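This briefing is a guided reading of one protein model, written for someone who is new to looking at structures. Please keep the sequence and the 3D view open while you work through the points below.

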Amino acid sequence: MTRRLHRALLGTALAAVLVGATAPIAAADPEIEPGTDAASAAFPYPGDPESEAALVAGEDDRLTEVRTVSSLASWTASPTKSPYRLATGSAYTLVLTARSQPYTVADLLLLAPQTFVRRPDGSYLLSEHLVVESGATLNLANPGGLRLHLASDSDGFVSIVNYGGRLNIAGADGVPAAISSFDRDTERLDALTDDGRAYLRAIGGQVSLSHVRLEGLGFWSGRTGGLSLTGTDRPDAGSLHDLADSLKVGPVADQGPDIDGNKNSALGDVLPTGDLPVPTVDMDDPRYSYVSAAVADTTVTDSAFGLFVSGANGLDIRDSVFDDNIVSGLVLHRYVMNAVVETTSASGNGLDGLQLARATTGIVLSEVVANENDRNGVTISGLPLATGPSATGTSVGSYGNNSIANSQVRRNGRYGVEVIGGQNVDVLANDIAANAVGVVVRDAATEVSVVGNQVSSSHDQGIALRDGVDGAVVTGNVVSGGETSVYVRDSSAEIDQNTLEDATTHAVSFVGEVGSSSLRQNKISGRGPSAIEVGRADGLDTGGWVNDQDGWDDTTPFLVTLKRFAQPLTVLWSLLGALLLFTAVRGARSHRARRHPYLDKAPAWDPAPVQVGGARGEGPS
């Protein structure tokens, strides 16, 4: 091969590899997105955003370089089949290539005797990056429990990245596999993120974690946030040859065998002119499309993110803990579908406990605990990724079919559960207490059901529906405490058969355009100016509303009532009415004591003749 041909081939392969290699990285957008709320912009991240963002970009470049070399090796006459090491930047990367047998701790001791060493206390220290290629499996386990330290200090940090292969980390009940960052100077956890920090990541492929404890990992972005599972809807294998082999086409009519003597041709080979055969893609191949993962009995603490997931299908998380992390506990970011999160805790985190960002669908949260997070306990966003034409041509459709049920959400800094846009979202039978607002549904969300929840001790509202919510159902809830039990603003909802008690202002408040909202068969008790406020609602038809308000104590002061009554027109008509009444009463009194109309005009003497002595008519003699 001439030097010119070699350089041309290298340039073509590199360009193709960059498309494949950067796709999964782009799919894991590093932005912190608690439902497009401006509060995220003011999130007090404790590290150095500028330097950490540069480190994230450096990690992207390193992984691109690894995939490029791997792809180019597969184009040679003798592809690299044994594990090899690359000098990437100021660090080394050990690449585990495809083979039938899994790589184990014992294999790592042989492959990297200087960078994977056993310490006197029985733990292991890894001081170079690991990459697991497609077709390879890495099993991290050890009898009696694995303790693995990932070097992370001022001299640099390392990572373990599963790039389309399979990563298994397993401990045992009571003896977890423990993986943590490790400052080699202090022999403690790396508490600083401004110079980067060790992390675990899967890009495509498959991941299984069972009885695992991760501590002090990750920095700045979701994909380098500690434990991250990211996939892509594009092939993530960097090799054009592998891609071509996977895209098989049917036999070409009236054509002979292809250049290899086969009846089927790959898109990477020369094809005949005329009609182009339609390829079929095996999307079940784990190297393509989404990452799949099973996480059980896993604890992630003191990391940047507890668990960050993007581009995943069939995610299963059970009996796990994501507490006390810098950003959020569990983040399902983009294109996460058909996931189950069960009996899992996400508490004490710097932003949200659990966050379902845009483009997530089919997510079931059951028996989760989200307490004492600085922002929301649970955020569920179904907003579209775009609202019009965009550079990437993203769909403007909304997302949904998500639910949270039988969970505990207490003492969070802002909202207990926040539903932002989307459709067909269920908030069912949860214990939601001591949040600023218990449940918030907003931003044109449709078909949202808030059913059977116990909402107590909210500071402001128990349940709030606002800003374009349509077709919401609020029923069977027990809402106690707070200023207002149920607040509806510029939204429509059916509020039926709830128990609303101990509010201090209104049991239910309607404000603005509330459409055909209804309020029926609710049991209302509490104390405040009014049980049901409709004065600020536009065109609300309250006919047919029947609610039990016997337990409500109206505390409206007399002066407030008088002020409400003493409107200018009301006063004018009242004065006119009083004047008419006064006139009528006076007229009635005059009628009862009638006198002759000319009584005061009678003469002072009687004109009748004076009779003296004689008979009538006889005058004096």
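Predicted model: local features only at pLDDT ≥ 70, side-chain atom pairs only at ≥ 80, totals over all residues.

- Strand 38, which covers residues 484–489, runs parallel to strand 41, and the two are joined by 5 bridges.
- Why is strand 41 described as largely enclosed by the rest of the structure? Of the 7 residues in this strand, which spans 506–512, 7 are buried, and therefore the strand is largely enclosed.

**Nonpolar cores**

- The largest nonpolar core contains 97 residues, and the members with the most contacts inside it are Leu138, Leu140, Leu148, Leu150 and Phe510.
- Strand 13, residues 206–215, gives the most to this core, supplying 4 residues.
- If neighbours within four places in sequence are set aside, leucine 150 is in contact with a number of residues, including Leu126, Val158, Ile160, Ile179, Phe182, Tyr199 and Leu217.

**The second largest pocket**

- The volume of the second largest pocket is about 380 Å³, and among the 22 residues that line this pocket, Thr88, Ser90, Ala91, His129 and Phe157 are the closest to its centre.
- Helix 2 (49–75), strand 2 (91–96) and strand 8 (156–157) each supply at least two residues of the lining.
- Which element gives the most to the lining of this pocket? Helix 2 does, with 7 residues.
- Sorted by class, the lining is made up of 7 nonpolar, 8 polar and 7 charged residues.

**Threonine 379**

- Threonine 379 belongs to strand 26, which runs over residues 378–381.
- Is threonine 379 buried or exposed? Its relative accessibility is 0%, and because buried means under 20%, threonine 379 counts as buried.
- Although threonine 379 and leucine 354 are 25 residues apart along the chain, their C-alpha atoms are separated by 6.4 Å.

How values were computed
Residues numbered from 1 in each chain as written. Heavy atoms only, no water. 1 Å grid on protein atoms, 1.4 Å probe; cavity = no way out; pocket = protein on both sides within 12 Å on 5 of 7 lines; lining within 4 Å. Points joined across faces, edges and corners; volume = space filled by probe spheres on them. Nonpolar A, V, L, I, M, F, W, Y, C, P; charged D, E, K, R; others polar. Core = buried A, V, L, I, M, F, W, Y, C linked by side-chain atoms within 4.5 Å. Buried < 20%, exposed > 50% of the residue type's maximum accessible area, 1.4 Å probe, protein only. Contact = heavy atoms within 4.5 Å. Pairing = 2+ DSSP bridges.
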